[in-house]
Amino acid sequence: MQKSVRYNEGHALYLSVVARKEGTKRGYLSKKTTENSKWHEKFFALYQNVLFYFDTDQSARPSGIYLLEGCTCERVPALKVSTVGKDALDKLHYFLVVFGHDGQKPLELRTEEESDCDEWVEAIQQASYSDIIIEREVLMQKYIHLVQIVETEKVAANQLRTQLEDQDTEIERLKSEIIALNKTKERMRPYHVYQEEEDPDIKKIKKVQSFMRGWLCRRKWKIIVQDYICSPHAESMRKRNQIVFNMVEAETEYVHQLSILVNCFLRPLRMAASSKKPPISHDDVSSIFLNSETIMFLHEIFHQGLKARIANWPTLVLADLFDILLPMLNIYQEFVRNHQYSLQVLANCKQNRDFDKLLKQYESNAACEGRMLETFLTYPMFQIPRYIITLHELLAHTPHEHVERKSLEFAKSKLEELSRVMHDEVSDTENIRKNLAIERMIVEGCDILLDTSQTFVRQGSLIQLPSVERGKLSKVRLGSLSLKKEGERQCFLFTKHFLICTRSSGGKLHLLKQGGVLSLIECTLIEEPDANDEDAKNSGQVFGHLDFKIVVEPSDAPAFTVVLLAPSRQEKAAWTSDISQCIDNIRCNGLMTSVFEENSKVTVPHMINKDALVVLLIRSDARLHKDDVDICFSKTLNSCKVPQIRYASVERLLERLTDLRFLSIDFLNTFLHTYRIFTTATVVMEKLADIYKKPFTSIPVRSLELFFATNQNNRSGDHVNDKSPRLCRKFSSPPPLSIPSRTSSPVRTRKLSLNSPIGSKVGILDLSTTSSSAASSPTSANPTISPPPSNNNNKPPLDLSRGQSPSSPEQSPGAPDENAESAENSRCSVSPASAFAIATAAAGHSSPPEAHRFICSRTCDKEFIIRRAATNRVLNVLRHWVSKHSQDFEMNGELKMGVICLLEEVLRDPDLLPQERKATANILSALSQDDQDDAQLKIEDILQMAECPKTECFESLSAMELAEQITLLDHIVFRSIPYEEFLGQGWMKTDKTERTPYIMKTSQHFNDMSNLVASQIMSHTDVGSRASSIEKWVAVADICRCLNNYNGVLEITSALNRSAIYRLKKTWAKVCKQTKALMDKLQKTVSSEGRFKNLRETLKNCNPPCVPYLGMYLTDLAFIEEGTPNFTEEGLVNFSKMRMISHIIREIRQFQQTPYRIEHQPKVTQYLLDKTLIMDEDTLYDLSLKIEPRLPA
């Protein structure tokens, strides 16, 4: 059944072409206009019941369309005119088309030939289907008559049944009286009277009577059974039984899944943990599976009870089963609470090769059907919601007088309470639920999203350009590619992977067969074309420099390149900034692990995994995990495996921002979103400037110690064995890196190998001190460049101790003394810190031989390494800040000039590497761009259009046009809100207009649109027109829903729910049932019940572009602001609160930054912004009382 009415312009154009070629009647007619009563000659074409008219017979598009169904057509006499034009008018023949519905003016036409006029009248009369309508009305009358007869017969039948039941009762009473009289007569009879035999005829009569009574009885019961089968109660019971059967099938499948989990994974892993060489410990097995076996036993009992109830069908009593199940469901609470930790332990165990091999062997079991262990661990998460849905459906088909109803309602309430408790306890697992929601949207599934360390970053629509060979676009495909249809992709960025999907017509996502899942550890981001690549430069000019490349180098397949096109420069900057940060995070984590391995005094077992190394690395610095007076940590780890900060002073937050070891993207996003609450942009810029100008005095001491810790295990003088297990072990990050060489390809130069030694002979660094030049400016005209050390073992090492500052790191316990240095000078390898400086500084571009020799010559220079790392960190933070928070610099000219001065100072640094120079130039270019989205409408354009409206008729605008332009306007207003207005509840203050002007404009726009809808409906005087307007606005709201404009849906539904319109009972009676059902569905979607739970679920599963309801987010922010202070009693920043605020702002900005591809139509937007059409609330209600006065009490 069609639930909405939409105007399909493409279909209408197709019908117009068919009508012009194959119409039943075609020709030129004169049409009288409604505005000035003038006649214009048009070309008319009649096809079925649709009449099209064109300006000429060669016109490609029709000028108008008339639906003739239900209309009447008849000839009319000529108009009365003066005698001057009488002769001319006598040759013309007029006819009139009157439409059957209210509000449509008749169509007046004329021809020059009488026969032509008669043919048109006859053709239009046939196209109106008037005969069919009359026949339908006759049949409808007969049907109503028959229905009345049937109802009368039913009443008579009920009366006859009542009489029969009364007669049966009377017969039974008489029989009992006869029996009593016979007994009395027997007692009074003194002698036995011989009873003569009955007459045979009497016996035949009795036999016939007995047969007739049996036949009547069977017929009566048959009628009763047939009536019951057709009754609503029987239909409800059938549906209820079907729900129970489906429940049994689902429970059977669930028990089967649990048995696979226990028998194919849990029990075999327990046996493996008890072996001589266990690949997993018993504690890890218990952590992964927890009480899975208990859950299986519980559901086996429940399943047996269900099967026993089915055996007693049709008596289905289920309430007692739920009464048994409810007290035992608390084990789910423990399972859900442990679920995230379970997946984390499993991910850590998979780093063990023996365990991974054993697990793949278990997963290859035919019973698993190709499913992974993570999938089976996820099944219990959805069982209680499934029970709640089943009970809800059961109660919907259970009569109120049913014996089980109260028990089922009690079970449902208890399950809902448990579900709420579980929801509260797993509120910290929002990320894994987001990942699972995306995984469910993908038809093929995506196992990497079951990894709990996978953090969602952003999603959106990008256009994938044709395949790339050797980094060059194929020009042949480029010209024939339809970017919008063939190349549009839904992209999802996570901290470790990048997903590229296509969307099918049904809305489902499909991963690309090649390059659908990109591991960021194997990726290199190229944001701008190489200066030497003419094809790349030409493609950048064609696409307005909105394209960027991701070079993928998988270890088991040939390298390939993915070229993506962003819808705007701002969107490209946001994507490239996040992708770059994720790649840097992965490589930095792996680098720190390698540094720790190379420099730790403790011998690390070969079987230990990467995450364990990170834990050891964190434990080596107490400031990363131990609470102090100025910082407090939580148990949750961020994307860099470092404990998240709960409370901290501003100094410690700035220290974490500039710590060279870690810069997680979630911390960076949270800091940049919320720094205005606890500090200022000037303080942040001063800290970044200090890091660049004075890195040794500004960077934490432990960070320097880690970077310059030397390897104490390489005292043997031999080269490290390339085939050793430690060096050959494959980490998830960083990728196999290699120092750039003269023959390196542009792609390979992105990566450095920290797992293999460097062949150049360089001296060991004295890393315990800092040089006197450390405090000097990097812009010095004559920088000190240390040449590569010669083979002379007597040459003294680099001495940097003369200018040591008080805050410089102390002598590292692992640093070798000078004697050891001179003994091993000829065979030592470059420190991991040196490799880090080269990796981060020269990433992504090949270096010329001179630059390579220069870099190699500086790897021994501690000052050079520190400056490169510090410069890289400053540029990284500034890049994110400028690309994703450009409004900070647009509104603060002093901040913008400070950043420009700092970047210009960076460019004057003679030691600056090519990649650093290019990154600095890109940031300066982004700051210099005044307007990146000139083609997009702005809120100022909307306000200008509102001042000079050009009103269109509402009836002349289609529902599709209205919905599209409402969506476009709503998104323009929504995206204009700067993120700083979401801080501090400014929209609730007395000076809200000054503090949050754009939020107030959004609220005013919402009210204006809602008032326009209500005013347009109330402007009609007749009931039919008002009902038609309501149906059209509901259709507009449904199209807005399809466009993901839930703000527009709420604008329209709130207008329809106003008291002035809601009270018009006669008008609503004219609205069709389908429209009412559709409106109920829309209202349920945007309902505020349960803190907009339905809308939240819808937004979680929808893809941008989208316009959410802003009030939902403002409510969340107000709840966070009022319930949690910004600072603790000790004056520490509540960074957990900042993280919650950032999560909401990030979701808002995700919807803000993805634009709609909707063409602007000025005539429609001017109508929507015409404030002269809007009535206030009092006027609307007074008009409503005039239309339908109140009934007398």
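In strand β11 (residues 488–494), F494 is the bridge partner of F456; helices (H or I, at least four residues) and strands (E, at least two) are DSSP runs, numbered from the N terminus. The model is predicted: local features need pLDDT of at least 70, side-chain atom pairs count only at pLDDT 80 or more, and totals for chains, interfaces and linings use all residues. Residues are numbered from 1 along each chain as its sequence is written, and side-chain values use heavy atoms, with hydrogens and water left out.

**Strand β11 and its partners**

- Strand β8 (residues 456–464) pairs with β11 in the antiparallel sense over seven bridges; two strands pair if DSSP finds at least two bridges between them.
- Strand β12 (residues 497–503) runs antiparallel to β11, and four bridges join these strands.
- A hairpin of two residues links β11 to β12, and F492 stands opposite L499 in β12.
- Six of the seven residues of β11 are buried, so this strand is largely enclosed by the rest of the structure. Buried means under 20% relative accessible area, exposed over 50%, and partly exposed in between (1.4 Å probe, protein chains only).

**The seven-stranded sheet**

- An open sheet of seven strands has the order β4-β3-β2-β1-β7-β6-β5, with antiparallel pairing.
- Its edge strands are β4 (64–67) and β5 (72–76), each of which pairs on one side only.
- On average, neighbouring strands of this sheet are turned by 35° against each other, direction ignored. Axes are lines fitted to C-alpha atoms, for helices over the stretch in contact, and angles run from 0 to 180 degrees between N-to-C directions.
- Strands β6 (residues 93–98) and β7 (residues 107–111) pair in the antiparallel sense over five bridges; F95 has L109 in β7 as its bridge partner.
- Helix α1 (residues 9–22) packs on the sheet and touches β1 (25–32), β2 (39–47), β3 (50–54) and β4, and its direction makes about 95° with that of β2. Contact means heavy atoms within 4.5 Å.
- Helix α3 (residues 114–127) also packs on the sheet, touching β1, β2, β3, β5, β6 and β7; the direction of α3 makes about 160° with that of β5.

**Helices α21 and α44**

- The axes of helix α21 (residues 665–678) and helix α44 (residues 1135–1153) come within 8 Å and cross at roughly 110°.
- The two helices are therefore roughly perpendicular to each other. Angles under 35 degrees count as roughly parallel, over 145 as roughly antiparallel, 65 to 115 as roughly perpendicular and the rest as oblique.
- Among the residues that meet here are F667, F671 and F678 in α21 and F1135, M1138 and R1139 in α44.

**Residue P997**

- P997 lies in helix α36 (residues 997–1018) and is partly exposed, with a relative accessible area of 26%.
- Leaving aside neighbours within four places in sequence, P997 is in contact with E981 and K992.
- The C-alpha atoms of P997 and G986, 11 residues apart along the chain, are separated by 9.5 Å.

**A recorded feature**

- An unreviewed UniProt entry places the feature "coiled-coil region" at residues 147–184; such annotations may be inferred rather than shown by experiment.
- Over residues 147–184 the chain is 100% helix and 0% strand, and the end C-alpha atoms are 55 Å apart.

**The whole chain**

- The protein chain contains 46 helices and 20 strands.
- Of its 1193 residues, 48% are buried.
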